[in-house]
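Thanks, everyone. Let me put the chain on the screen, and then I'll walk you through it.

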Amino acid sequence: MTLTHLLVLLLVGALAGLIGERLVSRGMPGGVVGAIVAGLVGAWLMVDILHLVLAPKLSLGGIPIISAILGAAIVVLLFSLVAGRGAFGTRGWRRF
C-alpha cells in the first residue's frame, strides 16, 4: 500500500462517513475521525461482506462511492440504535 492509496482511502472514508451522517441526521462520536471510521467500515461491509456494489463505474481508489455512502449510513444508524441517545448527553451526537 502506497501513501497515495492510503490518502485516497481516508478521503473516500471521510466523504462517505460525512454524507452517511447527514443522511441519517446523526453524528458519530469522534467527529471527523468517527466519520472516517464509519465510512471505511461501511464500505467494507457493503463491498466485501454483503457483496453489494452499486454503480461500480463511480469509484475512487477501487472503492465504489455509492456503496460506501450507503454502508456508512447503515453503520451510523446501527451505532446510534445500539448506543442510544442517552449515552452522549441529552442532545445526542448531532452536530447541527
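Start at G20. G20 sits in helix α1; helices here are DSSP runs of H or I with at least four residues, strands are runs of E with at least two, and both are numbered from the N terminus. Is G20 buried or exposed? Buried, with a relative accessible area of 0%. The cut-offs are these: buried is under 20% relative accessible area, exposed is over 50%, and partly exposed is in between, with a 1.4 Å probe and protein chains only.

What does G20 touch, leaving aside neighbours within four places in sequence? I69, A72 and A73. Contact means heavy atoms within 4.5 Å.

Before I go on, a word on the source. This is a predicted model: local features need pLDDT of at least 70, side-chain atom pairs count only at pLDDT 80 or more, and totals for chains, interfaces and linings use all residues. Residues are numbered from 1 along each chain as its sequence is written, and side-chain values use heavy atoms, with hydrogens and water left out.

Next, the overall layout. The protein chain has 3 helices and 2 strands. Along the sequence, the pattern reads α-α-β-β-α. Of the 96 residues, 34% are buried. Take the contacts with a separation of 6 or more: 60% of them join residues 24 or more positions apart.

Now the largest nonpolar core. It has 9 residues: L9, V12, A16, A43, I63, I65, A68, I69 and A72. A nonpolar core is a set of buried Ala, Val, Leu, Ile, Met, Phe, Trp, Tyr and Cys residues joined through side-chain atoms within 4.5 Å. Which elements give two or more residues to this core? α1 (3–24) and α3 (65–83). The largest share, 4 residues, comes from α3. Pick out A43. Residues up to four places away aside, A43 touches D48, I63 and A68.

H51 is not a glycine, yet its phi is positive, about 55°. A55 is not a glycine either, and its phi is also positive, about 55°. How accessible are they? H51 is exposed, at 63% relative accessibility. A55 is partly exposed, at 40%.

That's the tour. Questions, please.
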